Amino acid sequence: MSTDKRFSDYGVCKLAKIEPSLNQKRYYGISIQPGLFEIILHRQWGRFGCRPRSMDEYFDSLELAVAKANSLYGIKTRRGYREV
């Protein structure tokens with residue numbers, strides 16, 4: 001589990017990793033949103049200028065969604081992504 005704590009409630013975070021020497025121009029977005037019956041963790045990622053990929057995960061509680069979002073945030077920041 002990551003020690004990075006970015007989320008504590010609903011919110012949006014946009015990350016980018018730009019390293020021209022490695023030809024890396026990537027982005028990653030994480031958002032926690034209220035759904036009709038569940039909490040939605042929406043992720044979107046890809047290369048700048050290309051069609052994005054996305055995935056939704058559904059959680060019964062906000063605490064579980066926040067824990068997953070913070071875990072993803074920690075993984076991405078350790079891999080060189082920075083918040084924009």
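Biologist: Which residue in β5 is the bridge partner of Leu 15?

Modeller: The model is a predicted one. Strands β1, residues 11-19, and β5 run antiparallel and are joined by two bridges. The bridge partner of Leu 15 in β5 is Glu 83.

Biologist: In what order do the five strands lie in the sheet?

Modeller: In general, strands of a sheet pair through backbone hydrogen bonds, either parallel or antiparallel. Here the pairing is antiparallel and the sheet is open. Its edge strands, each pairing on one side only, are β4 (53-59) and β5 (82-83). The order is β4-β3-β2-β1-β5.

Biologist: How do the elements run along the protein chain from the N terminus?

Modeller: The protein chain has one helix and five strands. From the N terminus on, the run is β-β-β-β-α-β.

Biologist: What angle does the direction of helix α1 make with that of β2?

Modeller: Helix α1, residues 62-78, packs on the sheet and touches β1, β2 (24-34), β3 (39-47), β4 and β5. Those strands are also among what covers the buried residues of α1. The buried residues of the helix include Ala 65, Val 66, Ala 69 and Leu 72. The angle between the directions of α1 and β2 is about 170 degrees.

Biologist: How far apart are the end C-alpha atoms of α1, and what should the helix span?

Modeller: Helix α1 has 17 residues, and at 1.5 Å a residue these should span 24 Å. The model agrees with that, because the end C-alpha atoms of α1 are separated by 24 Å.

Biologist: Which residue just after α1 takes a positive phi?

Modeller: The phi in question is about 105 degrees. The residue that takes it is Gly 80.

Biologist: Is Arg 43 buried or exposed?

Modeller: Arg 43 sits in strand β3. Residues count as buried under 20% relative accessible area. Arg 43 has a relative accessible area of 10%, so the class is buried.

Biologist: Which side chains make polar contacts with that of Arg 43?

Modeller: Leaving out residues up to four places away in sequence, Arg 43 touches Tyr 28, Gly 29, Arg 53, Ser 54, Met 55, Glu 57, Lys 68 and Leu 72. The side chains of Arg 43 and Tyr 28 are joined by a polar contact of 3.3 Å. Another polar contact, of 2.7 Å, joins the side chain of Arg 43 to that of Glu 57.

Biologist: Where is Glu 57 found, and what is Glu 57 in contact with beyond four places in sequence?

Modeller: Glu 57 belongs to strand β4. With neighbours within four places in sequence set aside, Glu 57 is in contact with Ile 39, Ile 40, Leu 41, Arg 43 and Lys 68.

Biologist: Does Gly 49 count as buried or exposed?

Modeller: Gly 49 lies in the loop between β3 and β4. The C-alpha atom of Gly 49 is 9.1 Å from that of Lys 25, which is 24 residues away along the chain. The relative accessibility of Gly 49 is 85%, so this residue counts as exposed.

Biologist: What share of the residues of the protein chain counts as buried?

Modeller: The C-alpha trace spans about 45 × 30 × 15 Å along its principal axes. The accessible surface of the protein chain is about 5700 Å², and 51% of it belongs to carbon and sulfur atoms. Of the 84 residues, the buried share is 37%.

Notes:
Residues are numbered from 1 along each chain as its sequence is written. This is a predicted model: local features need pLDDT of at least 70, side-chain atom pairs count only at pLDDT 80 or more; totals for chains, interfaces and linings use all residues. Side-chain values use heavy atoms; hydrogens and water are left out. Two strands pair if DSSP finds at least two bridges between them. Contact means heavy atoms within 4.5 Å. Axes are lines fitted to C-alpha atoms, for helices over the stretch in contact, and angles run from 0 to 180 degrees between N-to-C directions. The expected span of a helix is 1.5 Å times one less than its number of residues. Buried means under 20% relative accessible area, exposed over 50%, partly exposed in between (1.4 Å probe, protein chains only). Accessible areas come from the Shrake-Rupley method with a 1.4 Å probe; for residues, only the protein chains shown count as cover. A polar contact is a pair of N or O atoms within 3.5 Å; within protein, one must be able to donate a hydrogen and the other to accept it, and residues adjacent in sequence count only if both atoms are side-chain atoms.
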